[in-house]
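Subject: Handover of a structure for your review

Dear colleague,

Please find the structure below, with the sequence alongside.

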Amino acid sequence: MILDPIILVLLFIGAIAIGSLLIYVKIVFDHRVPTSTSSTKTALPQDQPPILISEGLKVYRLEAKVAGKPAEYYLDIDDRIIVGIHQSSKHQYAGVRCVVSEDVLNDLAASLQSVAAAQTGGTE
């Protein structure tokens, strides 16, 4: 049995179309970033006001639930500070939340203060 060349061409084009569709679907669904985190460790209470707000930065303080443990500080950095996000889209969260200790937060504040003083020539 000999196949008609037109049928072979149509089968070839159909195989290419199906393969292209499968590649497209794989690319689209593999690059999606979940909008919610599965970890509840970084979740803050809804009524928690920030203790410091600046351009692109927010600092929250959360008291420890266990007596004797230090308070936790959450530092939120949003997309006004983070630049050059690779393939930014509506599916990505353009920000970072990290838990920092009070010592690290104090070191960060001291560094920022010294940089600001150097830029203004030491006059405040």
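A residue is called buried here when its relative accessible area is under 20%, exposed when that area is over 50%, and partly exposed in between. Asp76 has a relative accessible area of 12% and is therefore buried under that cut-off of 20%. Please note that this is a predicted model.

Overall composition

The protein contains two helices and four strands. Read from the N terminus, its elements follow the order α-β-β-β-β-α. Of its 124 residues, 10% count as buried.

The four strands form an open sheet in the order 1-2-3-4, and their pairing is antiparallel. Strand 1 and strand 4 are the edge strands, since each of them pairs on one side only. On average, neighbouring strands of this sheet are turned by 15° against each other, direction ignored.

The pairings may be taken in order. Strand 1 (residues 52–54) and strand 2 (residues 57–62) run antiparallel and are joined by three bridges. Within this pairing, Ile53 has Lys58 of strand 2 as its bridge partner, and Ser54 has Leu57, also in strand 2. The two strands form a hairpin with two residues between them. Gly56, which lies in the turn, has a positive phi of about 85°.

Strand 2 in turn pairs with strand 3 (residues 72–78), again in the antiparallel sense, over six bridges. Leu62 stands opposite Glu72 of strand 3, while the bridge partner of Tyr60 in strand 3 is Tyr74.

Strand 3 is also joined to strand 4 (residues 95–100) by six bridges, and these two strands run antiparallel. Here Ile77 has Val96 of strand 4 as its bridge partner.

Individual residues in the strands

Which strand holds the buried Asp76? Asp76 is placed in strand 3. Asp76 and Tyr60 are 16 residues apart along the chain, and their C-alpha atoms are separated by 8.2 Å.

Lys58, the bridge partner of Ile53, lies in strand 2. With a relative accessible area of 36%, Lys58 is partly exposed, because this value falls between the cut-offs of 20% and 50%. Lys58 and Tyr74 are likewise 16 residues apart along the chain, with their C-alpha atoms separated by 8.1 Å.

How many salt bridges does a search of the whole structure find? The search finds one. It is formed by Arg61 and Glu63, whose closest N and O atoms are 2.9 Å apart. Arg61 has a relative accessibility of 34% and so counts as partly exposed.

The helices

Helix 1 covers residues 5–30. Is helix 1 largely in the open or largely buried? The number of buried residues among its 26 is zero, so helix 1 lies largely in the open.

A nonpolar surface patch of about 370 Å² is made by Leu3, Ile7, Leu8 and Leu11. Of these, Ile7 is found in helix 1. Ile7 counts as partly exposed because its relative accessibility is 43%.

Helix 2 (residues 102–119) has 18 residues. From its first C-alpha to its last, helix 2 reaches 26 Å, close to the 26 Å expected at 1.5 Å a residue. Gly121 follows helix 2 and has a positive phi, near 80°.

A colleague

Terms used:
Residues numbered from 1 in each chain as written. Predicted model: local features only at pLDDT ≥ 70, side-chain atom pairs only at ≥ 80, totals over all residues. Heavy atoms only, no water. Salt bridge = Lys/Arg side-chain N within 4 Å of Asp/Glu carboxyl O. Buried < 20%, exposed > 50% of the residue type's maximum accessible area, 1.4 Å probe, protein only. Pairing = 2+ DSSP bridges. Patch = residues over 30% accessible without salt bridge, like charges linked within 9 Å, V, L, I, M, F, W, Y side chains within 5 Å. Areas by Shrake-Rupley, 256 points an atom, 1.4 Å probe, with all protein chains shown as cover. Axes fitted to C-alpha atoms, helices over the stretch in contact; angles between N-to-C directions. Expected span 1.5 Å × (residues − 1).
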